[in-house]
Amino acid sequence: MEGPVCQVAWGCYVLLAISIGAHCAMSSDNLACPSTSDLRTQPVAALDKEGIGPAMTSIPMIACSTSLSEHHSGGSGTNKNKQMVEQLQRYGVISSKKVVEVMETIDRALFVPDGTPAYVDSPMAIGYNATISAPHMHATCLQLLEENLQPGMHALDIGSGTGYLTACFATMVGPQGRAIGVEHIPELVASSIKNIEKSAAASPLKGGSLSVHAGDGREGWPEHAPYDAIHVGAAAPEIPQPLIDQLKPGGRMVIPVGKIFQDLQVVDKNLDGSVSIRSETAVRYVPLTSRDAQLKGY
């Protein structure tokens, strides 16, 4: 279920696509620069607080230039992954050295479907009406949770999809910590474990500090609660109470909330158990729903 499909807001992206379209190779398997007809079927990107700025101007350029480098430059996948992260830094999406380090360590290409352009700053379909988020959205969530992903801490990834962000969490909390992925599509659980086994997070998976489970993410995963960090990769109409209950005092949750109009909300549980909530940015995510509803496309 992982997945904000994080492209730029429809109207603005159309204008930008027109202006930069000449520089983007268009094909059925190149998702970097979709046609305007494609855009109508894709959820809207994250905007900054004012509704203008880097999310509306930089991200399409990242997508296109990364796509071009992927098609026309040599070098290993590791180098291309590093180039993707460097571009996100250049456009101001990543400012944290720790996030740079973890995103360079966990190669995105191991977590996207075969034949797709792994290093394009775009969401991608992974089957079962689910997506893997765009790299800039992964970076945003990692930065929001960074202080709660220190070595030895516990992290929960709801709607873990391909396993990418769960692998990042495991790398950050280390072998003394715990990273749990919860995904309600069993086939995605199985494939995500295979993805992780090929990645730099294979060791924590083998050692037991990283695990992925099939289950209803709205109920969290009580077995290893409380959690210092909780990430939710789908939009809930309201914040599920079990997730608040499983958040440790001093912990933080990042969750998209809303139906048609959604905000990425940052939920901090204070040391006295009270909860503070703020909206980070406007987003458009797939819904946090039941397995059957997701498979039916509701």
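How are α5 and α6 oriented to each other, oblique or roughly parallel? First, the basis: this is a predicted model, where local features need pLDDT of at least 70 and side-chain atom pairs count only at pLDDT 80 or more, while totals for chains, interfaces and linings use all residues. Residues are numbered from 1 along each chain as its sequence is written, and side-chain values use heavy atoms, with hydrogens and water left out.

Helix α5 covers residues 97–105 and helix α6 residues 135–145; they pack at an angle of about 135 degrees, with axes 10 Å apart. α5 and α6 are therefore oblique to each other (under 35 degrees is roughly parallel, over 145 roughly antiparallel, 65 to 115 roughly perpendicular, and the rest oblique). Their crossing is right-handed. In the contact (heavy atoms within 4.5 Å), α5 supplies Val99, Val102 and Met103, and α6 supplies Pro135, Ala139, Leu142 and Gln143. By class, these residues are 6 nonpolar, 1 polar and no charged.

Now the rings. The structure holds 1 aromatic pair (ring centres within 6.5 Å; planes under 30 degrees apart are stacked, over 60 edge-to-face, the rest tilted). Phe111 and Tyr164 form it edge-to-face, 5.6 Å centre to centre with 80 degrees between the planes. Phe111 lies in the loop between α5 and β1 (124–127) and Tyr164 in helix α7 (residues 164–173), so the pair ties together parts 53 residues apart in sequence. Phe111, at 1% relative accessibility, counts as buried (under 20% relative accessible area, with exposed over 50% and partly exposed in between, using a 1.4 Å probe and protein chains only). Tyr164 counts as buried too, at 0%.

Methods
Axes are lines fitted to C-alpha atoms, for helices over the stretch in contact, and angles run from 0 to 180 degrees between N-to-C directions. Helices (H or I, at least four residues) and strands (E, at least two) are DSSP runs, numbered from the N terminus. A crossing is left-handed if the near helix is turned anticlockwise from the far one by less than a right angle, and right-handed if clockwise. Ala, Val, Leu, Ile, Met, Phe, Trp, Tyr, Cys and Pro count as nonpolar, Asp, Glu, Lys and Arg as charged, and the others, Gly among them, as polar. Rings of Phe, Tyr and Trp (its six-membered ring) pair if their centres lie within 6.5 Å; planes under 30 degrees apart count as stacked, over 60 as edge-to-face and the rest as tilted.
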